[in-house]
Each structure stands twice: as C-alpha cells, then as structure tokens.
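These are my notes on one chain and on one residue within it. I began with the chain as a whole and then turned to the residue.

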Amino acid sequence: MNDRGSRRDRLLSRLVQAAFVIGLLALWYLATTRWGVSHLLLPNPLLVWREFVDVLSSGEFLPDLAVTLGELAIAFLISSFSGVTVGYLISRSQYLIRVFEPLLAGIYSIPIILFLPLYVLLLGLGPASKIALGGTISFFPIVLSTIAGFGYVERIYITAARSMGATYYQLFRYVLLPAALPVILSGLRMGFTVALLSILGSETLASLAGLGHRIVHLAESMDMARMFAYIVFAVAIAALLNTVVSALEARGKRR
Amino acid sequence: MNVSVNAAAADPRPAAFYLRIVHGIKRRPWIARLLVIAALILMWEVAARYLVDPMFLSPPSRVATSFDMLFATPGVPAALQATLWELAVAFLISVVIGLPLGLAIGLSRFSYRSFMPIVMLLYGTPQITILPIFILYFGIGPASKIAFGVSHGIFPIVITVVAGVQNIKPILLTSARSMGANRWQIFRWVVFPHMIPSFFAGMRLGMTGVLLGVLLAELYVSTAGIGYFTTMFTQNFDSTRLLGLITTLAAMAVILNEAVRRAELHFGRWRRFEAGRQA
C-alpha cells in the first residue's frame with residue numbers, strides 16, 4: 001500500500017473514532033432533551049458538565065480523593081514491598097518456585113473481592129479494610145512477576161558471572177537485577193492498577209469515605225447529575241494515575 | 001497426606017526412612033504444596049481459637065462442620081443457585097457478543113485501527129464506578145448482575161480474539177490467497193484454526209472478568225442475594241456462616257476457572273508444536 005493511501009486510512013480511522021464519541025454524546029443529549037428519558041435515569045450532559053465544573057472549582061472532591069489516594073498509597077507500599085521480598089526469596093530456589101508459584105497463581109485466580117466482607121468484619125468499615133483488600137489483591141501480580149523475573153534468568157549469565165568471580169552483591173546488581181527489572185516493573189504496574197480498582201471497588205461496596213463511597217452516596221440520594229460528574233472525575237483520576245504509572249514503567253525499563 | 005516432620009521425629013525407625021520421605025517430598029512439589037496449605041489452615045485455626053475474638057474469625061474446623069447450618073439458612077441455597085445461573089448467562093452473553101465483535105474488529109485493518117483504541121479505552125476505565133448506574137437501570141435482580149458481569153467479561157474476550165486474528169502469519173494468508181482461496185475458504189482453513197487457542201484463552205480471561213463483575217454486583221446489592229447474606233452475617237458477627245458462604249463462592253470460582261483453563265489447554269494443544277509461545 002502506498003504512503004498516501006495509508007495516511008488517508010489513518011485519517012479515516014480518526015474520523016470514525018471522533019464520530020463514535022460525538023455520536024454517543026449526541027445520543028445522550030437527544031435522549032435527555034427530545035426523547036423524554038427520565039432525568040432520574042439519565043441526566044442532561046450539559047448539567048453533568050456544570051456539576052463537574054462545580055465539583056472541581058468548589059474543591060469538594062478533596063477529602064474523598066485524599067482518602068482514596070491515601071489508602072491506595074499505603075496498600076501499594078505494603079504489597080510492593082512484601083511482594084518483591086517474598087518473590088525474591090522464593091525465586092532463590094527452583095524447588096520453592098515449583099512449590100509456591102502454582103499455589104500463588106491458584107489463589108490469584110479466586111476473585112479476592114469475596115474476602116471483603118471478612119475484612120470489614122475484622123477491620124471495620126474504615127480505611128483499614130480497604131488497605132488490607134487492596135494490599136492482598138495487588139500482592140499477587142507483584143509476587144508472581146518477581147518470581148518470574150528473578151527465577152528465570154538465563155543460567156548461563158549466572159554461571160558466567162560466577163566463574164569470573166563475582167561476589168553475591170555483584171551478581172545481584174549486575175546480572176539478576178537488570179534481567180528481572182522489566183518483568184518486576186510490569187508486575188508493579190499491574191499491581192498498582194489492581195490495587196486502585198479494588199480500593200475503588202471496596203469503597204463502593206462498604207465504606208465511610210472515599211470516591212467510591214461518594215458515588216454510591218449520590219446514587220442513593222438520586223442526585224444523578226452530580227453522581228455522573230463524580231464518575232467522570234473518578235475515571236479521569238484513574239486514567240491519569242494509570243498513565244503516570246505506565247510512563248514510569250517505560251522509563252524504568254529503558255534504563 | 002500429613003507426612004509432618006514432627007510425627008517422623010517420634011518414630012523409632014532408621015534415619016534412611018526419613019531421608020526417603022524428605023527425598024520423596026523434594027521430588028514431588030505438590031506434596032510440599034499440600035503441606036503449605038495445611039500449615040496455613042493450621043495457622044488460621046490457631047489464630048481463630050487463641051488470638052482473635054470468635055465473633056470476628058471462626059476457626060476452619062467449625063466452618064467446615066457448619067456447612068449444613070449455612071445451607072439450612074432460608075434463602076442461602078437459592079441465592080447461591082441464582083449466582084451460579086447469573087455467572088453462566090453472563091459468560092454465555094459475553095462469548096456470544098465478544099467473539100463476533102472481536103472478529104469484526106480484528107479481520108479488517110481499518111476497523112482494527114478505528115475501533116481497537118475505543119475498546120482499549122473502555123477496557124481501561126474502572127467499571128466499578130458505574131456499578132450504581134447498572135443497579136439503577138437493571139434493578140436489584142439478576143439482570144443487573146448479568147449486565148455487570150458481561151461488561152467485565154466481554155472486553156478480555158474481544159481483545160484476545162483480535163490478538164489471535166492479528167497474530168496469524170501474513171505468509172499463510174498470502175499463500176492461501178495465491179493458491180486461489182476465496183474469503184470464506186481463508187476464514188475456514190487459515191483464520192479459524194489459528195483463532196481457536198486464542199479464543200479459549202479469551203474465554204478464560206472472560207470468565208475471570210465475569211466472576212469479578214457478577215460477584216461485585218452481588219456484594220453491592222445488600223437487600224437481596226449473596227450481598228444480603230454477607231451483610232447480615234457481618235452485622236450479626238456470624239463469622240462461621242460468613243466464612244462458609246465465602247468459601248462456597250470461592251470454590252465455585254475455582255471450579256469455573258479450572259473448567260475453562262482445562263478447555264484452553266485441551267484446544268490449544270496443537271499450538272504447542274509451533275515455535276512461538278502463544279501470548
């Protein structure tokens with residue numbers, strides 16, 4: 001295919017995407033203004049936009065955002081520290097890998113959100129149960145990728161470094177770590193995404209504060225426009241955080 | 001099952017015997033895996049008996065012996081059955097919509113470039129934030145749970161099917177075309193067989209998503225179904241029945257996951273002879 005043709009194709013693809021988004025917004029607008037869909041089910045997009053601007057300008061979102069981000073930070077710190085440590089210790093022996101890797105992967109395949117009621121019972125409705133759940137769920141991708149990163153370094157590199165008389169620190173610093181880092185970084189990114197999702201999820205299911213709680217609260221008081229505004233806000237925050245983490249991951253891999 | 005070291009130490013038989021046991025465990029990691037699970041359950045038992053208030057954590061021995069009490073609770077069997085049914089329907093809908101959608105997006109370069117970014121964008125958004133909307137539109141019955149399950153299950157299926165279609169080596173398509181195959185023949189004899197492994201991989205990921213979506217919605221609705229009972233057991237500090245219910249649901253999830261994983265292994269077999277590993 002020649003260059004001009006492919007460029008026209010690309011333009012057309014962008015056009016289709018734009019048409020899709022605009023069409024969706026137009027449908028939404030028409031449904032609320034012309035077709036009489038109840039505003040209790042679907043608020044007017046202009047109203048949602050106004051509420052969104054109000055939420056941002058009034059700073060009302062700050063306490064909820066602080067709660068959610070605080071929980072996320074603590075949960076991710078716990079899970080990344082424990083996940084990398086446990087993963088490294090397991091990866092030091094092929095036997096331990098064979099014992100623990102299927103076990104951890106098996107537990108990871110259970111929807112761990114099921115344990116939320118138990119965590120709420122043990123730790124209460126406050127941030128502690130969210131931190132515990134987010135930490136538990138994000139522990140698994142991190143520990144599994146750490147095992148994969150450290151455990152499957154090509155033996156020949158290790159043998160070569162050893163035969164050249166590398167100390168253990170040198171072996172770790174110049175052979176194991178560079179080989180494992182990209183895999184671990186992917187795991188950390190996955191862990192972060194999962195932690196964010198599970199914290200938003202547990203706030204939605206049972207909590208006293210946080211973005212997820214705010215959305216549920218607005219839904220229960222049938223304040224639809226503001227609820228939609230908060231959903232847009234939460235989705236934007238999640239997208240922003242995920243973009244930042246992906247960029248950090250890419251940067252860490254390039255080094 | 002329990003070849004614990006303590007029991008062995010009290011035994012007066014010669015050292016070679018224990019060496020053989022240790023060696024046997026070393027050669028069979030699954031025995032060690034079972035021992036780890038047994039140790040974890042033992043820790044739970046000790047913690048629940050001596051460290052934590054029984055109102056908050058029930059020991060596994062009591063949970064295991066109280067399943068009949070759980071199932072005798074009016075409404076629990078019906079709620080579990082309803083959840084299983086919702087999972088099945090949501091999974092079926094995800095596959096029925098996701099497969100043709102994935103094919104439609106993956107089979108043409110133009111639709112791939114146009115719609116794949118939209119799919120990835122939707123897949124990347126935290127859908128949990130719109131759960132209240134699902135409940136509002138579809139009610140607190142099975143419909144909202146099925147819809148939420150589908151919203152979680154459909155994207156992994158679409159994405160893996162697209163990836164499977166896109167990963168077909170161009171040379172296979174070119175050679176089929178040069179031998180005069182028409183579109184249908186290319187689909188039937190080149191695309192279709194290459195798609196099967198990724199289709200089953202997508203089904204596995206879709207099942208994970210469906211489980212998450214349905215269970216999230218079930219837990220969210222606290223006036224009916226599973227969510228009603230978890231809320232009630234939590235409020236009554238009935239940790240025995242709560243843990244029994246969680247264990248039952250977890251077992252359900254493990255069985256469903258295992259079923260689709262087996263299907264994936266079975267139908268992905270021929271791929272293993274190829275050099276590249278399926279992503």
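Accessible areas here come from the Shrake-Rupley method with a 1.4 Å probe. The model I consulted is a predicted one.

I looked up the accessible surface of chain B, which comes to about 15000 Å². Carbon and sulfur atoms account for 70% of that surface. I then looked up burial: of the 279 residues in chain B, 43% are buried.

I found 13 helices and zero strands in chain B. Its radius of gyration is 25 Å, well over the 19 Å given by the globule rule for 279 residues, so chain B is more spread out than a compact globule. I noted that the C-alpha trace spans about 75 × 60 × 30 Å along its principal axes.

For charge, I recorded 23 positive and 10 negative side chains in chain B, with the centres of the two sets 18 Å apart.

I located B:Y112 in helix α7, which covers residues 109-124 of chain B. Beyond its neighbours within four places in sequence, B:Y112 is in contact with B:I105, B:P117, B:V162 and B:Q166. I also checked B:V162, which is 50 residues from B:Y112 along the chain; their C-alpha atoms are separated by 8.2 Å.

Conventions: Residues are numbered from 1 along each chain as its sequence is written. Chains are lettered from A and ligands numbered from 1 in the order in which they are written. This is a predicted model: local features need pLDDT of at least 70, side-chain atom pairs count only at pLDDT 80 or more; totals for chains, interfaces and linings use all residues. Side-chain values use heavy atoms; hydrogens and water are left out. Helices (H or I, at least four residues) and strands (E, at least two) are DSSP runs, numbered from the N terminus. Contact means heavy atoms within 4.5 Å. The radius of gyration is taken over C-alpha atoms; the globule rule is 2.2 Å times the number of residues to the power 0.38. Buried means under 20% relative accessible area, exposed over 50%, partly exposed in between (1.4 Å probe, protein chains only). Lys and Arg count as positive and Asp and Glu as negative; His and the chain ends are not counted. The place of a charge is taken as NZ of Lys, CZ of Arg, CG of Asp or CD of Glu.
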